[in-house]
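Please read it alongside the model.

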Protein chains: 4
Amino acid sequence: MAAASNTRINVTVWHEFRHEKKNPKVAELYPNGMHEAIASALRKSPDLNVRTATLDEPEHGLTKAVVAGTDVFVWWGHMAHKDVADEIVERVYQRVIAGAGLVCLHSGHFSKLFRRLMGTTCDLKWREDPNEREILWVTKSGHPILAGVVDDHFIIDHEEMYGEYFDIPEPDELLLISSFTGGEVFRSGCTWRRGAGKIFYFRPGHETYPTYHNPTVLKIIENGVRWARPEASAAKQTFGNRLMGWVDQKK
Amino acid sequence: MAAASNTRINVTVWHEFRHEKKNPKVAELYPNGMHEAIASALRKSPDLNVRTATLDEPEHGLTKAVVAGTDVFVWWGHMAHKDVADEIVERVYQRVIAGAGLVCLHSGHFSKLFRRLMGTTCDLKWREDPNEREILWVTKSGHPILAGVVDDHFIIDHEEMYGEYFDIPEPDELLLISSFTGGEVFRSGCTWRRGAGKIFYFRPGHETYPTYHNPTVLKIIENGVRWARPEASAAKQTFGNRLMGWVDQKK
Amino acid sequence: MAAASNTRINVTVWHEFRHEKKNPKVAELYPNGMHEAIASALRKSPDLNVRTATLDEPEHGLTKAVVAGTDVFVWWGHMAHKDVADEIVERVYQRVIAGAGLVCLHSGHFSKLFRRLMGTTCDLKWREDPNEREILWVTKSGHPILAGVVDDHFIIDHEEMYGEYFDIPEPDELLLISSFTGGEVFRSGCTWRRGAGKIFYFRPGHETYPTYHNPTVLKIIENGVRWARPEASAAKQTFGNRLMGWVDQKK
Amino acid sequence: MAAASNTRINVTVWHEFRHEKKNPKVAELYPNGMHEAIASALRKSPDLNVRTATLDEPEHGLTKAVVAGTDVFVWWGHMAHKDVADEIVERVYQRVIAGAGLVCLHSGHFSKLFRRLMGTTCDLKWREDPNEREILWVTKSGHPILAGVVDDHFIIDHEEMYGEYFDIPEPDELLLISSFTGGEVFRSGCTWRRGAGKIFYFRPGHETYPTYHNPTVLKIIENGVRWARPEASAAKQTFGNRLMGWVDQKK
């Protein structure tokens, strides 16, 4: 898949956008929705062409045209994974396999899309506690997704806990391991390839905390979008029958 | 998942079993079906408790009792992947995720089960040509799946070609790379883990060749079955909510 | 390399054995040395043929005959890595590359042998604090090295902290991640292959704690020894010049 | 390690430069040496600041200043690996561990530098035959090192054969697998990380063939240089002692 655009990266920030409508605490933190907090941060980069899409729009905002025109998806869902239509999941899945990127955030681990791409349950442990602090340790310094993380760790003062065992396939790259106040650990930054597409899972982002106002978190999401973009001149993947002697016929 | 049996490994060799009924050449090579060629080789090992199951049996021979009682599945399918009921695929998938092993053979790469576990298209190049010879090169000497392969390669005089790009997730382990007369290469022995289950993909086995009478091929399948068996005393994977302070309450 | 013995695994537990002579606390915990605590646990298995070797013996107890007769080395060193003669390191290195196993324990991360095999500095963070508790989380349930670890984690009440970044090559398999009271995390169980040899690094084991009397720790070391043993019938790795037409000449 | 320059990538193409002086065939193909063929191709990119260094210069052209000022090394050696001084190898090794990149070409697989970084023998099979053709198959489409390889393979009409088993640690990424006329396969494009440095091994480049005049080969080397460059703002890797309570003292 050639990039949808050679000059800018077309990003679609997809958000469930229901917690904000039901929970005043979330609405206060994210008056325009978490998707707008993320999208407005990304829009500061002139090379990113950012749109948003949400669950309760027609076709969840993911029409054929939108999906075909997207280079990288950012995905946040939680309470309504089951309300995402299978047909739309299939559409986005096919686009990722064909080369689009996916930055899957926090509770998106349980989305139909991520589970389909992983092939596992993606289950984990969790806890909401006001005293929970997350420390994210860098295990692959120099990876482009971590550009700008200048120390070998960073701290989020209040977050939900996610704990191992996290039922995912072995990551191609393990970038971050979190520790939590309660004693758990978690593989918080992981990458995989599926087909021609690149996937980055990034753990932080519970809806009742201001995580998507944290500059380091936003920087890593931005880096992830750039890393996951389709290559402009990637080898085409060809499949199917091929006759003996094809090598010599090329000349 | 504890092993279904502590003393023997319960193996179910699943086979589509349709080519043999339609193509006299296949029937001649495998008069009792490819599944019986494989199963009878495995039955020589007293620690393996081997049964077979085929597509046209009720529930494809994969009843709840059979699936629950299976430690390792061996799977061959080709022309009728679409005829395998989604409900049965789901049943076997859940058993693999819970810890059962899967040895996926040859054209099983396109089965619903394998694709579900991989999360990719599993597409590839192929060619049937009477002059095609496959050389399988060992890239991980000392792996238990390759026990008994005493040279650093082995040759199958006649086989179908499968060629890269093979659209799979990066293998956890790459054991064998094939070269073919026509110039293609293929990752012919690969392992992955999904949930608590172990998966081994092994390329050879086109229905019109006597591949499943080849002692080296049969030995590798047997090794794969042993490697993929559930561990008798594996850590249970626990998920869900966990309260702060659980560490101290354990004492 | 064929196994040095087909019937039993020949294990050499190598130990620096200096802390015990200088620090009464260590001597009290390990009156016969840490190597004897480990070796006596391994000797309970009739299929293991266990000897010990220590730094201050001639040739550090690692004569040519001992090295050639060893299937798996267990290695603990700390204060005297530099006193290990390069020639002896080379001898053991060559044996590992040829197929012997290595179980590298705790501060052995800084040994000449382990660094040579890794190709990196193997540096890390550390802290000795009486309030440090280590929780080791299983990230690959069902791996044979973790057989018998029945919960998804285990706890060591008092241990030295090791913290990321741990400067190692990406492990082939990541089995355990530790969290520490002070907030650090560490990749505590890792495997790699080098040549025909298998390597398992296992973190716990500070000399001032009774870690090598902990049944879970000892069980994992024993599992590691079995996992790292040479395969009895592994493919020989052949190198060097090979003439065109070798395939046809085989017939 | 910060990049030696924020604006351009400082590349040092190191070459043994002895075959050209002894073998007229090599001299005819590369009248200014293979290093100049590579360097002049790289110099077409204004963002690359390219110098060369050769074995018979003082300090092999790798003075402290040159090494400290290099972001990425390109390395070709063959007949004179043993003539490279250990002190210089150590100097370049330390620079790579600290974050510099290394693009290791062809027979550089046996260089002291590459073997030190890998920890293995790096041995392989080989053959020089006028009828040898190499087909390089893409196994990771979309990787930036393969940008511009528009088909899923490319062919080099005449090359030396390298065959498996190639005694290297499992690559972090496997980008290319070659097949040869004689039936061998080889992992021809591999990446690893060591410390903060990135390493790319790229197989083609026998001195008696015009491989380094092949535009695809040169493009992949250029891509490799960009991929291996130090990140400008990577997390610093800190090691050593750290006291309990450091987290709270940060506030």
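1. The same surface serves both copies, as 100% of the contact residues of chain A recur in chain B (contact: heavy atoms within 4.5 Å).

2. The model is predicted: local features need pLDDT of at least 70 and side-chain atom pairs pLDDT 80 or more, while totals for chains, interfaces and linings use all residues. Residues are numbered from 1 along each chain as its sequence is written, chains are lettered from A in the order written, and side-chain values use heavy atoms, without hydrogens and water.

3. Chain C is laid on chain A by a turn of 180 degrees and a shift of 0.0 Å along the axis, with an RMSD of 0.0 Å. These two copies are thus related as by a two-fold rotation axis. C:S179 is the residue of chain C closest to the rotation axis, at 3.2 Å (C-alpha). Of the interface residues of chain C, 100% are also interface residues in chain A, so the copies meet through the same surface.

4. In chain D, the axes of helix α3 (residues 34-42) and helix α7 (residues 215-228) come within 10 Å and cross at roughly 70 degrees (helices: DSSP runs of H or I, at least four residues, numbered from the N terminus; axes: lines fitted to C-alpha atoms over the stretch in contact, with angles from 0 to 180 degrees between N-to-C directions). α3(D) and α7(D) are therefore roughly perpendicular (65 to 115 degrees).

5. The contact involves D:A37, D:I38, D:A41 and D:L42 of α3(D), and D:L218, D:I221, D:E222 and D:V225 of α7(D).

Conventions. Least-squares fit on C-alpha atoms with pLDDT ≥ 70 in both. Helix = DSSP H or I, 4+ residues; strand = E, 2+ residues; numbered from the N terminus. Parallel < 35°, antiparallel > 145°, perpendicular 65-115°, else oblique.
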